[in-house]
There are 2 protein chains.
Amino acid sequence: MNLLASPLMTDLYQLTMLDAYHAHGMDETAVFELFVRTLPPQRNFMMAAGLAQALEFLEQLRFAPEELEWIEASGKFSRGFAAHLGRLRFTGEVHALPEGTIFFANEPVLRVTAPLPEAQLVETRLINLVHFETLVATKAARSVLAAPGKLLVDFGLRRAHGAEAGLLAARAAYIAGYSGTATVAAGSRMGIPVFGTMAHSFVEAHDDESAAFRRFAEACPQNVVLLIDTYDTEAAAHKVVELAPDLTRRGIQVKGVRLDSGDLAALSRSVRRILDQGGLAGATLFASGNIDEYRIRDLVAAGVPIDGFGVGTSLVTSSDAPYLDAVYKLQEYAGKPRRKRSTGKATWPGRKQVYRRYDRAGRLENDVITVEGDTQPGEALLVPVMRNGRRLAAPEGLAAIRERAAGQLVKLPDSLRALESAASPYRVEIAPALRELAGQVDRAERGR
Amino acid sequence: MNLLASPLMTDLYQLTMLDAYHAHGMDETAVFELFVRTLPPQRNFMMAAGLAQALEFLEQLRFAPEELEWIEASGKFSRGFAAHLGRLRFTGEVHALPEGTIFFANEPVLRVTAPLPEAQLVETRLINLVHFETLVATKAARSVLAAPGKLLVDFGLRRAHGAEAGLLAARAAYIAGYSGTATVAAGSRMGIPVFGTMAHSFVEAHDDESAAFRRFAEACPQNVVLLIDTYDTEAAAHKVVELAPDLTRRGIQVKGVRLDSGDLAALSRSVRRILDQGGLAGATLFASGNIDEYRIRDLVAAGVPIDGFGVGTSLVTSSDAPYLDAVYKLQEYAGKPRRKRSTGKATWPGRKQVYRRYDRAGRLENDVITVEGDTQPGEALLVPVMRNGRRLAAPEGLAAIRERAAGQLVKLPDSLRALESAASPYRVEIAPALRELAGQVDRAERGR
């Protein structure tokens, strides 16, 4: 029983709803849309990610025999409900923003059109997957914008919220423009480039720092990046310089050094000087330790000689905004548009499409959200990706998604590239046709 | 290949280190300790959790054939390294704080004593598991303290960071004193009580709210908790009152209602009045929607008639402090104590023990961290849990862990029970023997 594919990765009320739908024969077509209600703090845009995992989940959806036994034995459902669930598959269609697409509040990221029980059951896990990857891709895109030309590597697994979070964060960061990750499973399972240097414990396990450097270089001659902050960073840089000639004679090149603590601006300058004066001008400087996009921006602005950054906890937890206000809402059932009107949580009804317009320089100008069928000028962002429960194409390769994401970042207007909230947020309009539909739904409700 | 048990859920540099250790025959006994360097913002204590998953990971540690193939084919390691890894098992011992134990900064949560390569390899996943469950147990304990006598249920799966985070958050919250979770897999896999009500989409899929309530009650007569905020909360409460007599005649009891939006203080009072006047004094009020421990505290202080809370995103992401400064550091190798001295990240060397002293009322008074063997007055907190790679006892039941956690919260001094940082933090002393050892290590380093 694979936890990650289990339909029991859901909220109890989804199963309760299915039981009630089943009892009352409610299985007409429902349309649900997944969207984010508001931009999180310090965010001027979001970047869509997680669609590949969401579609895989839908395509593989089925209850395992032991899961059905648990449902039967739980006593929480009607007799016969487990047997009914045993036959359940996802047979619907999905429209979505391609991964790597920039989007904004209230714009559907994904739309599910399926018999009501199928569309309802998958709510929890669809949000769970798309929410998290989108959260991290959005966070990662910020450091990509802050560090043009720098190597960025995800170092976050240890403080990611579980193993799946570590793996999906590596993927989301790679989509957004990171060069790779330290997480080995992301390499073995997803083909994401894997990076690594050496550990403090390796240095500490030796009685002598120079001996540790030498042994590491000998054991891993193809990737000699030495960690130099275990005791005294500048002293260690001198040790590297002393070691290098002998290593070079033996055909081993010191590729770089890593700083992981202290005043990175000051230390990177002094270490650069020590390396340059010691004949190691070709060795790169890599920095890690409490790095986030704000710190990267400040270091880059100060012109520090750092060639790359390992970004960990702040990236994989999106620490300054650890969640999005992501929801999955019923917008139509049995051919009728629907609308929730709860205070502060009202939704726009019906099946929607988003049109995007660009200025002459090809930068994003404004978006229009409207009802499907109300064609507007501009680019239609939601595209069909699944029909009859099957993907319309093989999963996109990560290279293609990365290219799309990079293209999207280029198209961002300057006002949205800043790390702080833009003075005037991006303009997303609600088309008259959608306002009209919302009014109709409200009048129909009041009429009852 | 199960992602959650895979030894490739690690950082590349761990494997690189193992390769180098192997090349140089470095396999003497290492001691690593997992601890949190500083308390996160707004936290006066932490609650240990995740040990069961950590021990299971260690006991099952082995590389699958396809993982070894990937390592071999990656070209990143020495020839023969994959074959060597194929034989690797965890053969060491573990000491730990029992789950549910309150602890503070710099106190070891877990200590691994094993041949260096084994102890190194497991760093990433051990932190990943213990960090996250401890983070959520700590967060959950705060709402438990804020809501004495109230029902608390984890509603967070959809915005948890992946499926494993959802499952482990449910476990951690249950340990800390929550009554259960909405996550079905936490029930089916871990025996945690599962709770649920009804969804907005169920109401919206009906043309009429009363009809939706009636159908839900008929389909799920054993758990009639009606969601009343889809359109107008007070109007819906009146509909519940109107429906109830007919349902009662048919043997169906309205157990309660759920509010999910709006001004919960005002609405809970007016809904309570409507229900009481309508003969539903026995029906409970359950609230959800952007709930956290601060909001619970304020609602409880205002004396609102809410019987229970569903807590979601804030709990499972620990949104006001989404990570701990958790690390796993080499403290001894080959019989010699070790110490990292990086700026701001220096550690106390050697194998340690924590002693806790209580005041006459049985409340925590102060802790002392010292070297193992330096027996101090008070309770020794770290206990042996694994030897020769095998658990010393069957995994503890959740009931026993919950009882311990509840007992720990009772022993908290009042100053640490507040949701904001205490004016004077809990006193954790470093014993003279440990200071002496650190000095010895530093002098030995300088002597070289």
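Copies are superposed here by least squares on the C-alpha atoms of residues with pLDDT of at least 70 in both. On that basis, a rotation of 180° with 0.0 Å of shift along its axis places chain A on chain B, with an RMSD of 0.0 Å. The two copies are thus related as by a two-fold rotation axis. The model is predicted.

**How the two chains meet**

- Two copies of a chain are related by a rotation about an axis and a shift along it.
- Chain A gives 84 residues to the contact, and chain B gives 84 residues.
- On the side of chain A that touches chain B, helix α1 (residues 12–23) of chain A supplies the largest share, with eight residues.
- By residue class, that side of chain A holds 40 nonpolar, 26 polar and 18 charged residues.
- The copies meet through the same surface, because 100% of the interface residues of chain A are also interface residues in chain B.

**Chain A as a whole**

- Chain A contains 17 helices and 19 strands.
- Along the principal axes, the C-alpha atoms of chain A fill a box of roughly 85 × 55 × 35 Å.
- Chain A has 448 residues, of which 55% count as buried.
- When contacts in chain A between residues at least 6 apart in sequence are taken, 73% of them join residues at least 24 apart.

**Helix α6 of chain A**

- Helix α6 of chain A covers residues 123–146, which is 24 residues.
- At 1.5 Å a residue this helix should span 34 Å, and its end C-alpha atoms lie 35 Å apart, which agrees.
- The helix is mostly covered, since 23 of the 24 residues of α6(A) are buried; a residue counts as buried if 20 or more other C-beta atoms lie within 10 Å of its own.

**An open sheet in chain B**

- Seven strands of chain B form an open sheet with antiparallel pairing, in the order β13-β12-β1-β5-β3-β17-β18.
- The edges are β13 (336–337) and β18 (390–391) of chain B; each has a single partner strand, so one side of each is left without a neighbour in the sheet.
- β3(B) and β17(B) run antiparallel and are joined by three bridges.
- A96(B) stands opposite V383(B), which belongs to β17(B).
- β3(B) is also joined to β5(B), by four bridges, and these two strands run antiparallel.
- V94(B) stands opposite V112(B), which belongs to β5(B).
- In a regular strand the side chains alternate between the two faces of the sheet.

**Helices lying across the sheet**

- Helix α2 (residues 51–59) of chain B lies across β3 (93–96), β5 (110–115), β17 and β18 of chain B.
- The angle between α2(B) and β17(B) is about 25°.
- Helix α6 (residues 123–146) of chain B lies across β1 (29–36), β5 and β12 (326–333) of chain B.
- The angle between α6(B) and β12(B) is about 135°.

- Most residues other than glycine have a negative phi, and most peptide bonds are trans.
- Q42(B) is not a glycine, yet has a positive phi of about 60°.
- Q42(B) sits in the loop between β1 and β2 (46–47) of chain B, and counts as partly exposed with 15 C-beta neighbours inside 10 Å.
- N290(B), also not a glycine, has a positive phi of about 55°.
- N290(B) sits in the loop between β10 (284–287) and α13 (293–301) of chain B, and is partly exposed with 15 other C-beta atoms within 10 Å.

**A loop residue in chain A**

- E372(A) lies in the loop between β15 (364–371) and β16 (379–380) of chain A.
- With 16 other C-beta atoms within 10 Å, E372(A) is partly exposed.
- Leaving aside residues up to four places away in sequence, E372(A) touches R351(A), K352(A) and Q353(A).
- V354(A) is 18 residues from E372(A) in sequence, and their C-alpha atoms are 8.7 Å apart in space.

Conventions
Residues numbered from 1 in each chain as written. Chains lettered and ligands numbered in written order. Predicted model: local features only at pLDDT ≥ 70, side-chain atom pairs only at ≥ 80, totals over all residues. Expected span 1.5 Å × (residues − 1). Buried ≥ 20, exposed ≤ 12 C-beta atoms within 10 Å, placed from the backbone. Contact = placed C-beta atoms within 7 Å. Nonpolar A, V, L, I, M, F, W, Y, C, P; charged D, E, K, R; others polar. Pairing = 2+ DSSP bridges. Axes fitted to C-alpha atoms, helices over the stretch in contact; angles between N-to-C directions.
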